[in-house]
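Trainee: I would like to learn how to read a sheet and its surroundings. Could you walk me through one?

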Amino acid sequence: MTDYSLAAGTFVMVAACLSAAGCSSPGNVSEQNTEAGDTASSASATSPTVIDACALLSADDVSALLGAPIEGRSTSTDPAMPACLWENPDNYESIAIEIGNPGSAVNNTLAPPEPGFPDVGTPGPDGMRFLVPGQVEFAAGGRNNMVQVAVLSMSGDEANAAAVDLARKIGPQIPR
């Protein structure tokens, strides 16, 4: 493999990871109220809505998957793109959510891969995209969002189903 090929491959992987994460970081967020067709630039002219990523899942949702009541902790320093992690300290199983950048899912649709870049996911239900087993990317509130379920006792299909279930619960709570 040439140095150029190695560098290009590394760039593709980094770009894919950033895209999958919605280039977000966790915490409370100021989200812009946008209409379905609005872009990120027009969103800045509207009033912000605060999103607490850790409040998007109930204690029952978390304990059902992690086997214990676990408190979520913010993992973002960017209030526009909140995230939360629930991690069981006994076994390191976890649930993570990241709320993407406002305007990153125009018309509540995930963007296709950039031209020349490979598709980093597998199509899922309702316009979602599986990135790895247990991790699903989904559009809601005009944002590209992600939820990951990392539970060792689950098969890939079970983790995918759990992630989709959580995404369906989280999505309607993300304001436009």
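Mentor: Gladly! Ile 95 has Val 149 in E9 as its bridge partner. Keep in mind that this is a predicted model.

Trainee: What holds strands of a sheet together in general?

Mentor: Strands pair through backbone hydrogen bonds, and the pairing is either parallel or antiparallel.

Trainee: How many bridges join E4 to E5?

Mentor: Five, and these two strands are antiparallel. Here Cys 84 has Ile 97 of E5 as its bridge partner. E4 and E5 also make a hairpin, with six residues between them. Look at Tyr 92 in that turn: its phi is positive, at about 65 degrees.

Trainee: What is the order of the strands in the open sheet?

Mentor: Reading across, the order is E3-E4-E5-E9-E8-E7-E6, seven strands with antiparallel pairing. Strands E3 (73-74) and E6 (122-123) are at the edges; each has a single partner strand, so one side of each has no neighbour in the sheet.

Trainee: Which helix packs on the sheet and touches strands E4, E5 and E9?

Mentor: That is helix H3, residues 59-66. The direction of H3 makes about 135 degrees with that of E5. Helix H4, residues 156-170, lies across E5, E7, E8 and E9, and runs at about 140 degrees to E9.

Trainee: Is E5 largely enclosed or left open by the rest of the structure?

Mentor: To judge that, count residues with under 20% relative accessible area, the cut-off for buried. Five of the five residues of E5 are buried, so the strand is largely enclosed by the rest of the structure. Ser 94, Ala 96 and Glu 98 point one way from E5, while Ile 95 and Ile 97 point the other way.

Trainee: And how do E7 and E8 pair?

Mentor: E7 (residues 129-132) and E8 (residues 135-140) are antiparallel, with three bridges between them. Find Val 132 and you will see Gln 135 of E8 opposite.

Trainee: Now for the whole chain: how many helices and strands does the protein chain have?

Mentor: There are four helices and nine strands. From the N terminus, the elements follow the order α-β-α-β-α-β-β-β-β-β-β-β-α. Of the 176 residues in the protein chain, 41% are buried. Among contacts with a separation of 6 or more, 61% are between residues 24 or more positions apart.

Technical notes:
Residues numbered from 1 in each chain as written. Predicted model: local features only at pLDDT ≥ 70, side-chain atom pairs only at ≥ 80, totals over all residues. Heavy atoms only, no water. Pairing = 2+ DSSP bridges. Contact = heavy atoms within 4.5 Å. Axes fitted to C-alpha atoms, helices over the stretch in contact; angles between N-to-C directions. Buried < 20%, exposed > 50% of the residue type's maximum accessible area, 1.4 Å probe, protein only.
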